[in-house]
Amino acid sequence: MIHNQLYHIRSENSQDYEGVYQLYCQIFRRNSEAELVNHLRKNNEIFCALVAIIEDTIIGHILFSPVRIASSPDGLKSLGLAPLGVLPLYQKQGIGSALVSQGLKDCEQQQQDLIVVLGYPDFYQRFGFKTALQSNLGLPYSVPEEAFMVKELTTGILTRCQGNVYYSSQFDLL
């Protein structure tokens, strides 16, 4: 895990749940993302979740959950990165980037094949994400083309995948 002089990143544990809930409520000024995380937990649909902490305060969080691709090889291990959040006071200090870097490293070490994300291209392209449409992947709902991205963790796997990507039904809550 990442250790910085000011903060450290580690796997989420059950004692973090309330702090993660409050974090997303503060960031998004609503409880939808916080409820999403709770529903994913309740349904055992979290592959990896990390927290960034200063002293005993959770200042950031990232979550990866399984996604399904319409046409893909049997046994494909694909994840969606969502949500990701850092408290406003701590944004623009590299904490979100550190969470993404550590999360991708953990997913790769656990032999996942690919990760999709819906977000800001300028941010995620730094980590090797590219427009999903270039890889014949889409979503069953309308989003800006450049905002839906994919990162291949297993070289060449994207040549064997195409069609819509389906997140857990828990995401319908958003």
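Q: In this predicted model, which side chain does R10 meet in a salt bridge?
A: The general idea is that side chains of opposite charge can pair when their charged atoms come close. Here the side chain of R10 meets the side chain of D16 in a salt bridge, with a distance of 2.7 Å from N to O.

Q: How many salt bridges does the structure hold?
A: The structure holds 3 salt bridges, and one of them is formed by R41 with E12, whose closest N and O atoms are 2.9 Å apart.

Q: Where in the chain do R41 and E12 lie?
A: R41 belongs to helix α2, which covers residues 32-42, while E12 sits in the loop between β1 (8-11) and α1 (17-28), so that the pair, 29 residues apart, links distant parts of the chain. Turning to accessibility, R41 is buried with a relative accessible area of 13%, and E12, at 16% relative accessibility, counts as buried too.

Q: With which residue does E33 form a salt bridge?
A: E33 forms a salt bridge with R30, and the closest N and O atoms of this pair are 2.3 Å apart.

How values were computed. Residues numbered from 1 in each chain as written. Predicted model: local features only at pLDDT ≥ 70, side-chain atom pairs only at ≥ 80, totals over all residues. Heavy atoms only, no water. Salt bridge = Lys/Arg side-chain N within 4 Å of Asp/Glu carboxyl O. Helix = DSSP H or I, 4+ residues; strand = E, 2+ residues; numbered from the N terminus. Buried < 20%, exposed > 50% of the residue type's maximum accessible area, 1.4 Å probe, protein only.
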